[in-house]
Amino acid sequence: GVMAYFPLALADIARLSKAGNDKHNPGQPLHWARSKSTDHGDCIVRHQMEFDVVDTDDDFLHATKVAWRALAQLQVTIERLRAEGKDYL
């Protein structure tokens, strides 16, 4: 369902992931360098302030960055809950 519902949004998040990897991990295969940025909630709020504006730093919508950060925050939260032995997913 999610890919059928949000194909353009997911494509832009994938494009942002690649651009971020090229910027922060030049020459390395695509991966999430988690230790380089952990302030997802703060970044979500900052990008949400101009969600419909293209960021002149890299030509991505701030909304795309909100979505990427929200996914990162969700992933980290679920991993933490599982590590704490909580039955989630």
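**Exercise 1.** State how many helices and strands the protein chain has, and give their order.

*Solution.* Step 1: the protein chain contains four helices and two strands; helices (H or I, at least four residues) and strands (E, at least two) are DSSP runs, numbered from the N terminus. Step 2: read from the N terminus, the order of the elements is α-α-α-β-β-α.

The model is predicted: local features need pLDDT of at least 70, side-chain atom pairs count only at pLDDT 80 or more, and totals for chains, interfaces and linings use all residues. Residues are numbered from 1 along each chain as its sequence is written, and side-chain values use heavy atoms, with hydrogens and water left out.

**Exercise 2.** Compare the span of H2 with its expected span.

*Solution.* Step 1: helix H2 covers positions 7-24 and has 18 residues. Step 2: the expected span is 1.5 Å times one less than the number of residues, which gives 26 Å for H2. Step 3: from first C-alpha to last, H2 reaches 26 Å, close to that expectation.

**Exercise 3.** Which residues of H2 are buried, and against which elements do they pack?

*Solution.* Step 1: buried means under 20% relative accessible area (1.4 Å probe, protein chains only). Step 2: Asp12, Ile13, Leu16 and Asn21 are buried in H2. Step 3: these buried residues pack against strand E2 (60-61) and H4, where contact means heavy atoms within 4.5 Å. Step 4: in the whole protein chain, 21% of the 89 residues count as buried.

Definitions and conventions: Buried < 20%, exposed > 50% of the residue type's maximum accessible area, 1.4 Å probe, protein only.
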